[in-house]
There are 2 protein chains.
Amino acid sequence: MTLRVVGIDPGLTRCGLAVVDVEPNRKVTLVDVSVAGTPPGTPLDRRLLTIAEAIDAWLERHRPDVLAIERVFSAVSVTTVIGTAQASGVVITAAARRGIPVAMHTPTEVKAAVTGSGQANKNSVGKMVAKICRLDSPPKPADAADAVALAIAHAWRGAAVGSNASASAGRVGSTQLTTAQQAWIAAEASAKRRGTGR
Amino acid sequence: MTLRVVGIDPGLTRCGLAVVDVEPNRKVTLVDVSVAGTPPGTPLDRRLLTIAEAIDAWLERHRPDVLAIERVFSAVSVTTVIGTAQASGVVITAAARRGIPVAMHTPTEVKAAVTGSGQANKNSVGKMVAKICRLDSPPKPADAADAVALAIAHAWRGAAVGSNASASAGRVGSTQLTTAQQAWIAAEASAKRRGTGR
């Protein structure tokens, strides 16, 4: 029983898109990773349409059980935050149209899940992503690696919640867990009991 | 030659939607006005999907020449700004998918265009909207009136630019002006020369 997670690092210039398959024993396989976007200065409607078309194609191709996306908050400049929020709105809507549950995680949660430290830098996150996915080097650019980290973090954090899936933090979806998710969580709990969990 | 403008006041709780037809002599007819949204506390994916479905239906029904939307900026709380930006991203994408040009205007520009003062309050804007559209009372709630004001302001500001349409401030679209827009601007300039302009 494998959980397929799409991870999205939203943005207008470089929106990271990732797909991982995660097994109940927490083994992660990177299925696909990419970056979509347009240069700054491109008209906003064209920028948002590019993101919309990329995420639509991504979800159509990979049919995930869940979509994990970085929670937007006002860290840097307000201009950047607004563009990132607009892109995230488009991504979340694309998932909602398909009935795919959406989960949001903060960068700190993601860093903590994959490196053990919420303060890890981009370089450390990339290295851990490569290690976890058994790659020779981190996915490039950093936005792609961040999207993979998000997907991994979501699967591992969901697993940490065990069978009490409704308590999963950061869940924004109104839909129920999919059958695949429920089965995955049950299988993960069972793997843990057998001592085969990571 | 009539210009049909959809005006959108973006938001998750109350997203104002308006359609006006504007003639070259600046006469405005309110075609339709509505509000879409969900209560705070509704899961975000459900909230955004509600906005997406409302704007899709609105554009399908009214087939505007242009969509005018309030420019999102960080005025109030960051939380509100992010939700508003997410909703605006969904609206702009819906227009872009249909090849409808998108224009953005700040609240100050809109207030100035319809009341003569960029500092006008909601009450004054509502009253002027009612007067301009020859209604007995302002559209309710205020978000609906704001959407109508946006649509009026866009048409009137566009006209002020005369035939130099490419100089229209706040335009974000990558598409060219529609034939209807070009013809409208030419007709408006002609009406002005004849002294029939407002």
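View 1. Cys15(A) is buried at 3% relative accessibility, and Cys133(B) is buried at 5% relative accessible area. Buried means under 20% relative accessible area, exposed over 50%, and partly exposed in between (1.4 Å probe, protein chains only). The model is predicted: local features need pLDDT of at least 70 and side-chain atom pairs count only at pLDDT 80 or more, whereas totals for chains, interfaces and linings use all residues. Residues are numbered from 1 along each chain as its sequence is written, chains are lettered from A and ligands numbered from 1 in the order in which they are written, and side-chain values use heavy atoms, leaving out hydrogens and water.

**View 2. Packing of helices H3(A) and H4(A).** The axes of H3 (residues 107–115) and H4 (residues 122–133) of chain A come within 9 Å and cross at roughly 50°. H3(A) is therefore oblique to H4(A); angles under 35 degrees count as roughly parallel, over 145 as roughly antiparallel, 65 to 115 as roughly perpendicular and the rest as oblique. Axes are lines fitted to C-alpha atoms, for helices over the stretch in contact, with angles running from 0 to 180 degrees between N-to-C directions. Helices (H or I, at least four residues) and strands (E, at least two) are DSSP runs, numbered from the N terminus. From H3(A), Lys111(A), Val114(A) and Thr115(A) meet Ser124(A), Val125(A), Met128(A) and Ile132(A) of H4(A), contact meaning heavy atoms within 4.5 Å.

View 3. The bond from Lys140(A) to Pro141(A) is cis, with omega near -10°, and Pro141(A) is placed in the loop between H4 and H5 (142–160) of chain A. In chain B, Lys140(B) and Pro141(B) are joined by a cis peptide bond with omega about -5°.

**View 4. Positive phi values at two arginines of chain B.** Arg63(B) has phi near 45° and occupies the loop between helix H1 (44–62) and strand E4 (66–70); at 59% relative accessibility, Arg63(B) is exposed. Arg134(B) has phi near 55°, lies in the loop between H4 and H5 of chain B, and is partly exposed at 48% relative accessible area.
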